[in-house]
Structures are given as structure tokens and as C-alpha cells.
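Hello,

Here is the structure I promised to pass on to you. Please have a look at it first, and then read my notes below.

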Amino acid sequence: MPQEPKTEKQDLLDEPEKRFRNFNEFYKCFMENHRHPHNRKMHLLGFIIQIITIPYFMITRNYLPLLFIFPASFIPNLIGHWAFESPSDKPREDRGVSWVWSARAHFTMVFYLLIGKLSAF
């Protein structure tokens, strides 16, 4: 059975990077999903867990806890979205983009929180 040609919308769903021309466009969309100050605090907590635990594991050469660093730092992010960001009827446009852009956006947001350019309070 022949496949129907893809529509432009289907193409964007299959290749999300086409939705954004650059990181700045993606970051604006990313920040729409991180508006609530308590959600931002939870992301900051996850970042702090990473910053504290990674050097500790490197100094002590205790590698087993490295298995827990991802869940330990990611769980506050999930709680922040679940508890403080209201789910919307429309699908999130920033889903499925490169993990590099997503990680960069998280670090950018945390950096702005730490220097006071973005409020978490």
C-alpha cells in the first residue's frame, strides 16, 4: 500500500529541529514551559544536586552513586512541571528537540537564576 506524502505539520513532528531556526527561538519556547517560580526553584535544586554530587564522586572515586545522579537531579524537574506548571491543551512545541539544546536551555535558565537575571522568588 503506497504511503501518502507527509504534510508540513507531520514533517515538523518527525523532525522537531525544523521548528526552530536557532537556539534563541527554542529558548523562548522553552521558557514558556518554565514560567512558574516554584518550577524554576525545582530545576535549580536539580542542578545543585548535580554540582554537589559529581565532584564528590570524582574525589572519592565511588562510582556506584553515579547511577543515581540522573534520577536524583531529574526528579525535582519533573515535580516542578507536574506540581507547578499547569498542563495545557496544546502539545508542548519544545518536545523532541536535540538533547543538546534542551541541556543548554536548562543550564542557561539556571545561570540566569543564579546571577539574578531571572526570578525564582
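By contact I mean heavy atoms within 4.5 Å. Helices (H or I, at least four residues) and strands (E, at least two) are DSSP runs, numbered from the N terminus. Buried stands for under 20% relative accessible area, exposed for over 50%, and partly exposed for what falls in between (1.4 Å probe, protein chains only).

Two notes on the source. This is a predicted model, where local features need pLDDT of at least 70 and side-chain atom pairs count only at pLDDT 80 or more, while totals for chains, interfaces and linings use all residues. Residues are numbered from 1 along each chain as its sequence is written, and side-chain values use heavy atoms, with hydrogens and water left out.

Let me start with helix α2. This helix spans residues 23-32, and its buried residues are F23, F26, Y27, C29, F30 and M31. They pack against α3 (37-60) and α5 (99-115).

Next, how α2 meets α5. The angle between them is about 65° and their axes are 10 Å apart; axes are lines fitted to C-alpha atoms, for helices over the stretch in contact, and angles run from 0 to 180 degrees between N-to-C directions. The two helices, α2 and α5, are therefore roughly perpendicular, a label for 65 to 115 degrees (under 35 is roughly parallel, over 145 roughly antiparallel, the rest oblique). From α2, the contact takes in F23, F26, Y27, F30 and M31, and from α5 it takes in W101, S102, R104, A105, H106, T108, M109 and Y112.

H43 is buried, at 3% relative accessible area. Its side chain makes polar contacts with those of H34, at 3.3 Å, and H106, at 3.4 Å. (A polar contact is a pair of N or O atoms within 3.5 Å; within protein, one must be able to donate a hydrogen and the other to accept it, and residues adjacent in sequence count only if both atoms are side-chain atoms.) Neighbours within four places in sequence aside, H43 is in contact with H34, N77, H81, H106, M109 and V110.

Finally, a backbone detail: R61 is not a glycine, yet has a positive phi of about 55°. R61 sits in the loop between α3 and α4 (66-84) and is exposed, with 65% relative accessibility.

Best wishes
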